[in-house]
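Here's a quick tour of one protein model, taken a piece at a time. Have the structure open as you read.

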Amino acid sequence: MLSLNGITVRLGGRTILDSATAALPPRSRVGLIGRNGAGKSTLMKVIARQSEPDGGSCDMPRGARIGYIAQEAPSGDATPFETVLAADTERAALLEEAEHSHDPDRLGEIHERLNAIDAHTAPARAARILVGLGFDEEMQQRPLDSYSGGWKMRVALASLLFSAPDLLLLDEPSNHLDLEATLWLENFLKSYRATMVIVSHERDLLNNVVDHILHLEQGKVTLYPGGYDAFETQRAERLAQLESAREKQATERAKLQDYIARNSARASTAKQAQSRVKALARMKPIAAVAEDPSLSFDFPSPQQALRPPLVTLDMAAVGYTAGKPILRRLNLRLDPEERIALLGRNGNGKTTLARLLAAQLAPMEGEMNASGKMRVGYFTQYQVEELDGADTPLEHMTRQMKGATPAAVRAQLGRFGFSGAKATTEVRKLSGGERARLALALITREAPHMLILDEPTNHLDVDAREALVQALNAYEGAVVVVSHDRHMIEAAADRLVLVDDGTATDFDGSIEDYTDFILGKGPAAGGKPKVSGKEARKAAAEARERSKALRDAVKAAEAEVKKLGDRRSQIDRTMFDRSTASPADAKLTTSQLMLERGRVERALEEAEARWLEASEALEAAAEAA
């Protein structure tokens, strides 16, 4: 259906796509993934014929209809329902022609074609799609200009899905959706019968919808069969092979260099040495798998634990207009180390409840009691958007940490990957994901007792989201999260609170139960859980305590492995080139260095064994949880 043949794109002197080549099977469902800034949207625009590549071609069957959401949201006086119906341009044109045609033969052809494209069911299909994306009957009849940009983009998505193109291109389709609409979209895409390419960072969507992963990295694309979990397994094996090849090459390079150094000056071996110089020059280096600082999240845990409860709400009401609460009858208790996910459609009051818990809103009725010593870190997308683009992360953090030493300021930035030059880069030059990390660094500068995160994953790719989940699980304070990312909710929350019908109540069940409930496959929120919420929270807290000791053991073993590995490399460099020796190593003979290397090698093997044992125990604990 779709072939990418050596696609090359250069922007501002930088190569974004470098001879990207792949053949996508017919009717395949492809998840296009890659780190932020890798060029995914650029490739999508080339496929959508909205951008011309500098080299190569994108081939597909002649006459294939391509569907791609425009960057600008629809606007005007038309309603969402009218806008979606108009997206089927053939149907709209035929109806328009039928209204003005007086030729009986032509009218017969028009009606025959309308029947063939199932035009009479179009209004019902349009309404069904809009309902799935959160528009009730009243909302479908309001003018587009009465909606925010996010809701307008939902109309654009509905229009694209309704038009049913032969090649469906979706670039981050869940960005403007809540969890409920995301679940509906996933269910819709499962039954879509044409070829699709989806740029998404939603692990569940990539596992449940796509059958191939197209990975974009360093300008190249690689096609993997299966969903995201299958891709991770295959890629890990590929990276392990690459690292093994790199180490083997490094050993061979060292041998060649050693031979050249020992034999270049001898007439009898100069020719052989020269041939090895040529072999060394032809050896193309295999790059090491580099650590990515953009995956750095390390939330400082509170130094002094507070006694429970952290917060209690007793018949509280909250809203923005005097006398008109959005939420009423709120009876909630939050304890230290609690992990809560707020569920519910956009507009139901999740952000309002989050702001109440963060003490940004006061209760209109009832009571809210919180520990006077409690510090809260509250993250919203507005904080990301309001960062001063002319300032650097270092300047932002210095202003917020008044009185702190420069070392303390840089240490907090370093927890989130802003070290070296990154700390002094203007914010306007940072990616969306980097700005989100900076906002998280700023709100956690005082080691809060509770983190409240409202859609923290919007600018993060899959790898960064996984790093965020791991950091939240290592954090020792309470967490309240609003997210449409099911993987994050499942991995980082052990209590679900449903915000619906003007209040908030515990949802006694898992995220899978909630998914079934939303899709009409399970009981309502009041159904009996398999395990009570209290028991589940207690078990989750005990599991976190056990895993903390295991995580500490893994970190200690990793540090020891790195230390011993560095020492082994230092000895190897000294044996190869004495000018690189430390003062202590310079006093040792070659025999003594070899003995020292043997001791380090044995210690390294023992440390690696401890690391492997601790890692397996941590993995087993995570699976058991």
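## Ground rules

Helices and strands here are DSSP runs, with helices being H or I of at least four residues and strands E of at least two, numbered from the N terminus. What you're looking at is a predicted model, where local features need pLDDT of at least 70, side-chain atom pairs count only at pLDDT 80 or more, and totals for chains, interfaces and linings use all residues. Residue numbers start from 1 along each chain as its sequence is written, and side-chain values use heavy atoms, with hydrogens and water left out.

## The chain as a whole

The chain holds 22 helices and 18 strands. Of its 625 residues, 43% are buried, where buried means under 20% relative accessible area, exposed over 50% and partly exposed in between (1.4 Å probe, protein chains only). Take the contacts (heavy atoms within 4.5 Å) between residues at least 6 apart in sequence: 69% of them join residues at least 24 apart.

## Helix H1

Helix H1 covers residues 40–47, and six of its eight residues are buried, so the rest of the structure largely encloses it. The buried set is Lys40, Thr42, Leu43, Met44, Val46 and Ile47. Just past the end of H1, Arg49 takes a positive phi of about 65°.

Strands pair here if DSSP finds at least two bridges between them. On that basis, three strands make an open sheet in the order S11-S10-S13, with antiparallel pairing. S11 (327–334) and S13 (365–370) are the edge strands with a single partner each, so one side of each has no neighbour in the sheet. From one strand to the next, the twist averages 15°.

Strand S10 (residues 311–318) is joined to S11 by five bridges, and Thr312 has Arg333 in S11 as its bridge partner. Packed on the sheet is helix H12 (residues 350–357), which touches S10, S11 and S13 and whose direction makes about 130° with that of S10. Angles like these run from 0 to 180 degrees between N-to-C directions, using axes that are lines fitted to C-alpha atoms, for helices over the stretch in contact.

## The S17–S18 hairpin

Further along, S17 (residues 495–500) and S18 (residues 503–507) run antiparallel and share five bridges. Leu498 finds its bridge partner in Thr505 of S18. The hairpin has two residues between the strands, and Asp501 takes a positive phi near 55° there.

## Two cavities

A cavity is a set of points on a 1 Å grid over the protein atoms alone where a 1.4 Å probe fits but cannot get out; lining residues have an atom within 4 Å of a point. Grid points are joined across faces, edges and corners, and the volume is the space filled by probe spheres set on the points. Two cavities come in at 30 Å³ or more.

The largest has a volume of about 40 Å³, and its lining includes Asp178, Leu179, Lys350 and His484. Helix H8 (179–190) and strand S12 (339–343) are the elements giving two or more residues to that lining. The second largest cavity also has a volume of about 40 Å³. Its lining is His201, Arg203, Val462, Arg465, Glu466, Asp485 and His487, with helix H17 (residues 462–474) supplying the largest share, three residues.

Technical notes:
1 Å grid on protein atoms, 1.4 Å probe; cavity = no way out; pocket = protein on both sides within 12 Å on 5 of 7 lines; lining within 4 Å.
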